[in-house]
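Okay, thanks for coming, everyone. Let me put the structure up and walk you through a few spots.

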Amino acid sequence: MSTDIDINKKNDSALADDSNAHDTSDETNKNDIQRKVIHIDMDCFYAAVEMRENPNLKGKPVAVGGQANSRGVVAACNYEARKFGVHSAMPMSQAFQKCPQLITTPVNMDLYKSVSKIIHSIFQEFTDDIEPLSLDEAYLDVSDSSHCNGSATLIAQEIRQRIFASQNITASAGIAPNKFLAKVASDWNKPNGQKVITPNEVKAFVKELPVNAISGVGKVTAKRMTELGLKTCGDLEKLGLEGLLQHFGSFGDRLYNYSQGIDNRPVETDWIRKSLSVEDTFNKDLPNLESCLSEIDTIYQELLIRLERARQKQRLSAKSLVVKLRFNDFETTTIQMAGTAPDKEAYKRLCIDAWQRGQRPVRLIGLGLQFNPPDMPEQLSLLDECYSEEKPPPNL
Ligand code: DCP
Ligand code: MG
């Protein structure tokens with residue numbers, strides 16, 4: 001096996017610059033919330049772990065699962081076995097009929113769980129916004145990640161490289177503006193590949209996308225679609241919302257969105273956000289207070305965008321506003337006040353007070369919010385001035 005993660009397979013867009021992932025041009029649908037979502041899926045996960053444990057298995061068809069003579073089924077098989085038509089959930093006896101030289105190993109769940117734990121801890125190095133789907137699969141929302149200069153393409157590449165370096169097994173990734181497309185994309189260049197769908201590629205991509213690539217389209221729905229002559233998402237869109245609701249019930253709604261490449265489901269994490277902040281380190285130190293105050297507007301706008309995104313994921317009730325300043329000698333000061341909503345003028349006031357503490361050029365400004373634990377009533381006083389320097393919030 002090559003030690004390089006091959007990200008440049010079949011599709012040349014895998015290395016595309018996704019800096020336009022927040023494109024708001026007319027090409028992108030206005031109802032769609034633009035995000036950068038990565039779907040990571042390990043390649044033939046159980047089988048890959050077994051091949052790593054026993055390198056003699058490499059290059060040979062391998063299936064992990066129950067025994068053929070006790071009605072066992074295939075849990076996972078490697079890509080060599082798949083060439084013979086073997087697949088997951090197939091009775092092992094049938095797998096042997098298709099591939100008599102198949103090598104089988106029993107399921108070693110504890111081992112796969114321990115590998116999965118390490119893989120998920122690698123995800124956490126890149127973002128907190130992780131929705132695990134199974135031992136070998138997760139969605140990551142990297143919209144706000146500053147890793148790799150914010151390039152989701154490069155983040156996915158680095159995650160796959162980190163997994164390979166640590167576990168000697170490969171992963172594939174899909175990078176797209178939403179979960180639906182990211183999942184489709186991770187399958188596109190499997191194994192050991194990745195595919196990017198940028199916002200302005202979405203329309204053309206879904207138009208030709210076969211309906212059976214949509215997750216949730218099972219055998220019955222697929223059959224109905226075939227009967228109706230619906231082969232691609234483009235065909236679904238042409239049928240329209242009413243037609244889709246008529247034929248597919250409530251699923252029609254989601255199908256209509258998917259047919260246009262829209263999926264506003266958030267990446268659902270089970271962690272609770274305690275704070276949110278936006279920081280900017282300047283190329284040139286800001287020489288005086290006035291220049292600091294004039295930067296607040298831009299940082300504040302970004303904070304509002306991120307807050308809106310975070311609020312789509314969980315209910316957030318703010319308890320304080322925080323400003324951080326780092327002076328040119330790296331000394332850092334943090335100041336906060338009670339408050340239940342972001343307020344630009346309040347941030348400016350905090351900035352003035354923080355600057356007074358150093359009164360010299362500034363290299364970084366951060367604006368942030370701290371949140372109440374869930375189910376705590378919101379504090380009543382809007383901007384109750386109670387400065388504190390004691391405990392800076394963790395993200396500032
Ligand atoms: N699995 C299982 N039974 C199934 C499907 C899967 O026990 N019917 C287990 C074994 C797989 C793991 O879950 O290794 C991950 O499932 P995937 O669907 O991601 O399949 P693989 O990782 O094996 O292959 P791929 O490369 O297609 O992702
Ligand atoms: Mg997998």
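So, why does isoleucine 175 count as buried? Because isoleucine 175 has 32 C-beta neighbours inside 10 Å; the cut-off for buried is 20 or more other C-beta atoms within 10 Å, exposed is 12 or fewer, partly exposed is in between, and C-beta atoms are placed from the backbone. This one sits in strand E7, residues 171–176. Helices here are DSSP runs of H or I with at least four residues, strands are E runs of at least two, and both are numbered from the N terminus. Aspartate 141 is 34 residues away from isoleucine 175 along the chain, with 9.9 Å between their C-alpha atoms.

Quick housekeeping. This is a predicted model, so to speak of local features we need pLDDT of at least 70, side-chain atom pairs count only at pLDDT 80 or more, and totals for chains, interfaces and linings use all residues. Residues are numbered from 1 along each chain as its sequence is written, while chains are lettered from A and ligands numbered from 1 in the order in which they are written.

Zooming out: the protein has 12 helices and 12 strands, and 37% of its 396 residues are buried. Take the contacts between residues at least 6 apart in sequence: 64% of them join residues at least 24 apart, where contact is C-beta atoms within 7 Å.

Now the sheet. Four strands make an open, antiparallel one, ordered E9-E12-E10-E11; pairing needs at least two DSSP bridges between two strands. On average, neighbouring strands are turned by 15 degrees against each other, direction ignored. Between E10 (318–327) and E12 (362–371) there are 9 bridges, and phenylalanine 327 has valine 362 in E12 as its bridge partner. Helix H12 (344–356) packs on this sheet, touching E10, E11 and E12, at about 40 degrees to E10. Helix H11 (289–313) lies across E9 and E12 and runs at about 150 degrees to E9. Those angles run from 0 to 180 degrees between N-to-C directions, with axes fitted to C-alpha atoms, for helices over the stretch in contact.

Last stop, ligand 1. Which residues come nearest? Of the 14 around ligand 1, they are Phe45, Tyr46, Ala75, Ala76 and Ser88; near means a backbone-placed C-beta atom within 6 Å. Strand E1 (37–42), helix H1 (45–53) and strand E3 (74–77) each give two or more residues to the shell.

How values were computed. Two residues are in contact if their C-beta atoms, placed from the backbone, lie within 7 Å.
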